[in-house]
2 protein chains.
Amino acid sequence: MNQDSETNPQHAGWVRSLRLSPPSLKDNTADADRLLTTLGRELGVEWVGVDLALLRELPFRLRQWDYHVRCIFVKDAGRFHLVGVLGALEATPALGLAVDLGTSRVVARLLNLETGQVLAETSFDNPQIEIGPDVLTRIHFIDQTSSGGKKLQDIIIQALNKAIAGLCAAAGHAPENIFLTAVAGNTTMTHLFLGLDPHWIIREPYIPVVNTPTGICAGELGLKAGPHARVIVFPNVGSYFGGDLIAGILYTDMHHSKDTVILVDVGTNAEVVLGNSEWLVACAGAAGPALEGGVTKMGMMAGPGVIDEVGIDRATRTFQLHTIDDLPPRGICGSGLIDLAAQLFLAGIVDIRGKLKAPGEHACIVEIDGLRHLVLASAEATALGKPLLISQADLDSLVRAKAAMYTILETITAFVGLSFSDLAKFYVAGTFGAFIRPASAVAIGMLPDLPLSTYQALGNTSLEGAALVLTQAQRLDEIRHIRNRITYMELNVNQDLMNRFSAARFFPHTDARRFPSVAVWD
Amino acid sequence: MNQDSETNPQHAGWVRSLRLSPPSLKDNTADADRLLTTLGRELGVEWVGVDLALLRELPFRLRQWDYHVRCIFVKDAGRFHLVGVLGALEATPALGLAVDLGTSRVVARLLNLETGQVLAETSFDNPQIEIGPDVLTRIHFIDQTSSGGKKLQDIIIQALNKAIAGLCAAAGHAPENIFLTAVAGNTTMTHLFLGLDPHWIIREPYIPVVNTPTGICAGELGLKAGPHARVIVFPNVGSYFGGDLIAGILYTDMHHSKDTVILVDVGTNAEVVLGNSEWLVACAGAAGPALEGGVTKMGMMAGPGVIDEVGIDRATRTFQLHTIDDLPPRGICGSGLIDLAAQLFLAGIVDIRGKLKAPGEHACIVEIDGLRHLVLASAEATALGKPLLISQADLDSLVRAKAAMYTILETITAFVGLSFSDLAKFYVAGTFGAFIRPASAVAIGMLPDLPLSTYQALGNTSLEGAALVLTQAQRLDEIRHIRNRITYMELNVNQDLMNRFSAARFFPHTDARRFPSVAVWD
């Protein structure tokens, strides 16, 4: 957001152009001290660190460019650190790599550290999936396999190296010119990336090896970036609240907001942050078994032929389906399913419990093996050679998922003594946020009944936050401030929570007054 | 000196014992942050850095010792950095290695970082001598040899590793328990040690690669110390004023002295520092060709059978020789030669120009090939099978050397507008300082005519300074303050200097009033 709304002046980045006075008999300060002292003066600090390997190159680089150079640096554990030197006038760009390190999906973006220009972007399934689909199975793999942690680390590093090679080839630059990498992932993904043992993350009292990793060199991870490149790893708050969400908060800028806003990030997990410039409260959906996985098990991934939008003609009660690439339908994704449920409810095809009416009441309802199904598309209309069916069980899942989401939102808002109407903005991140239609989510009571303009989809906030910190140096300090300011709310599965969850298992809610805008059709 | 005069309380060192509260559901801070935050609080800082490799070990080490540990840390480029963790109650000591990295001779001392106890010490010829005896030849070797710098670095690192192995074996400890190393050497030796190209050090305008090296890991140098050990490298002031002398100043504590004192260090080079708590002025003997090497080319190294002390019986005018280990004489070392010259002058066997009288005047003078010689010991008395002779040329060398020393001392003292009588202490470092008798040096006008109690021999101040910084943490900041406070005085070979040098080429000086205590015998 800030990337869009603000200009990105060079002086705020990690690259500084310096014209040093060349050595003379009257000023015979050493090359390194000449450079680092000047840079330190520019940055207002006494010390700037440098690795020995780069130190060895300095006299050559300074002389090659006649002491007129661009310094690429970063702040690490509170101290600035030089990571590269380029000629001030040479064309070689200083590159940065932003990574959203998801459990299921990884996104990497190559950008110009000086201009912020995005040069290339790619995404791929996290190949650690071949070991285990989720963090639990991966951690168990490490517990049971000699060098299992090393293997999982190798898998992701190799995949990132392939991505780096591809991104650089696409952009026409060399991987050696990547000076900084910023990585945002959940706590376990971060541990696997760094080769830290995640054993204790999933065992009471749930202790990561590190909350705030510092001093990470790309080279020691095996990352094929520049030889002295450093890696900014977003800190976690705890085992269940990772750097990806810190990156998301950074991107929303909610930590600077006078108004109270909320951020919901639904990825492999569902995470929620509520707050403003004074305070931040967060919780994660995985905390309670009743909610676990619920929100995210809706339908298939989007892809060609997948229904992503559903309407019902108010007069004819017939379905109006939109598929990706306008191909014959072969399935339905989360946003399509939410649309569908909303329309079914508004059209009276399901009741307030989300139950399909009897087959006789609507032509689109059939009973198969004693279970009611909705025929969303006939065999002739699909690409499957059979009808596209949505079972009652699918709808029940959706009801649980939407109830879980609403319960989390209600619980965290109540935790700070606010009501939904106090929220000035409702940010929805992730693929989920990018595609759902708030009106549909409100209609089924998944999201609260706020003015639709309150809702804003932000896309991959984790990636955007990682990209921000690469181009706006002061953001790095903000990361720490955000992290230290967050109050983590444990979602205890107590009677209160279960009561809320039960009340939310209706369309839109047992207390329909909470959803004044939702009115079923005549 | 401080090591002797002060107690060395544990809280002032680089090892801190910490009892952390173990993780719980109410306090689930990560292991690393738990440790580093607690350590940082003890040290009064927000950040303490740690290398990834040590980070990976932390959860195991903390649990092994039930969160009751000793942290070994260091300050690097202004920031504290964790370098090791031991159990608070385990017997394993935290070791440190202090190194005086001389061009000719290297001394290494193994000590206990917590108690300051010296565990073992060793010295050896710098094996880089096989490449070249001095810094110039070694730098030329690098200029002319592919990977020459790497070769010179390997040579010294291998020698240090051998020394480390020997020291640890002698002390009964493992090299893995060395957590810190402090290295003091001249600028070129430091560059060779770090693998930095010294090419520009000897070429106008004489620029080192670095004045203040930071962030040096033992592992990246190939030093076989502990896996996460760091190396404190004493900074240099410039190409001709190295970290060895900074270490010497640190050891004298002259930077805290109210009175003005002087430090003379004669090693491969002759270096002089003058100052007090307000200011420090320094110069090096290599700066002027007329002085170069002069001071240090006196006699042979001390060893068995070497004359180290000479007297002349005032009545009989016969020599009274003392040899090392009381063996028959086979040569004479610097201190013996100064003794000899003083006695010869006082006894009237040489004149004020240092010239031997005619063979007829004294039985001990002979003429060989037209050059006068002194017979110090007859063939029967020596271990050589021939008489031990000192030629007029040897004495002329000594006169030049002593004149050079006096000239340096006079020049630097005059530079700050003081006279010798303003000096409260005259520290003499190095082997030279350990063995010369000030009375003799004063008698020939090598050192000024100050009360003999003013003179104090300090031994290897470079090594002692390196050892100090390993056991007294606050000394590290002092190093930087010393370095930044030093004014380096270039010894320009101008008419003034040559006039002083000419006037000093007499015993004790052309201006005998400067040496009121020196009176030739009746």
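A residue is counted as buried if 20 or more other C-beta atoms lie within 10 Å of its own C-beta atom. By this criterion, in the predicted model described here, helix α8 of chain A, which spans residues 243-252, is mostly covered, with 10 of its 10 residues buried. Just after α8(A), the residue A:Asp253 adopts a positive phi of about 65°.

Chain A is divided into four parts: domain 1 (2-87), domain 2 (95-233), domain 3 (253-294 + 398-514) and domain 4 (303-397). Between the C-alpha centres of domain 1 and domain 3 of chain A there is a distance of 41 Å.

The relation between the two chains was examined next. In general, two copies of a chain are related by a rotation about an axis and a shift along it. Here, chain B is superposed on chain A by a rotation of 180° with 0.0 Å of shift along the axis, at an RMSD of 0.1 Å. The two copies are thus related as by a two-fold rotation axis. Among the residues of chain B, B:Arg79 comes closest to the rotation axis, its C-alpha atom lying at 3.6 Å.

The contact between the chains involves 41 residues from chain B and 41 residues from chain A. On the chain B side, α2 (31-43), β2 (48-50) and α3 (52-64) each contribute at least two residues, and the largest share, 5 residues, comes from α3(B). The side of chain B that touches chain A is made up of 21 nonpolar, 11 polar and 9 charged residues. Because 100% of the interface residues of chain B are also interface residues in chain A, the copies meet through the same surface.

Two open sheets of chain B were then considered. Strands of a sheet pair through backbone hydrogen bonds, either parallel or antiparallel. One sheet of chain B has 6 strands in the order β21-β20-β11-β12-β13-β22, and its pairing is mixed. Its edges are formed by β21 (455-459) and β22 (486-488) of chain B; each has a single partner strand, so one side of each is left without a neighbour in the sheet. From one strand to the next, the twist averages 20°. Within this sheet, β12 (residues 270-275) and β13 (residues 280-284) of chain B run antiparallel and are joined by 5 bridges. B:Leu274 stands opposite B:Val281 of β13(B). Helix α10 of chain B (residues 392-415) lies across β12 and β13, at about 25° to β12(B).

The other open sheet of chain B also has mixed pairing, with 6 strands in the order β7-β6-β5-β8-β10-β9. Here β7 (118-125) and β9 (216-217) of chain B stand at the edges, and since each has a single partner strand, one side of each lacks a neighbour in the sheet. Strands β5 (residues 95-101) and β8 (residues 178-185) of chain B are paired in the parallel sense over 7 bridges, and B:Leu97 stands opposite B:Thr181 in β8(B). Helix α13 of chain B (residues 461-471) packs on this sheet, touching β5, β6 (105-112), β8 and β10 (230-233). The direction of α13(B) makes about 155° with that of β5(B).

Terms used:
Residues numbered from 1 in each chain as written. Chains lettered and ligands numbered in written order. Predicted model: local features only at pLDDT ≥ 70, side-chain atom pairs only at ≥ 80, totals over all residues. Buried ≥ 20, exposed ≤ 12 C-beta atoms within 10 Å, placed from the backbone. Helix = DSSP H or I, 4+ residues; strand = E, 2+ residues; numbered from the N terminus. Contact = placed C-beta atoms within 7 Å. Nonpolar A, V, L, I, M, F, W, Y, C, P; charged D, E, K, R; others polar. Least-squares fit on C-alpha atoms with pLDDT ≥ 70 in both. Domains from an automatic or database assignment. Pairing = 2+ DSSP bridges. Axes fitted to C-alpha atoms, helices over the stretch in contact; angles between N-to-C directions.
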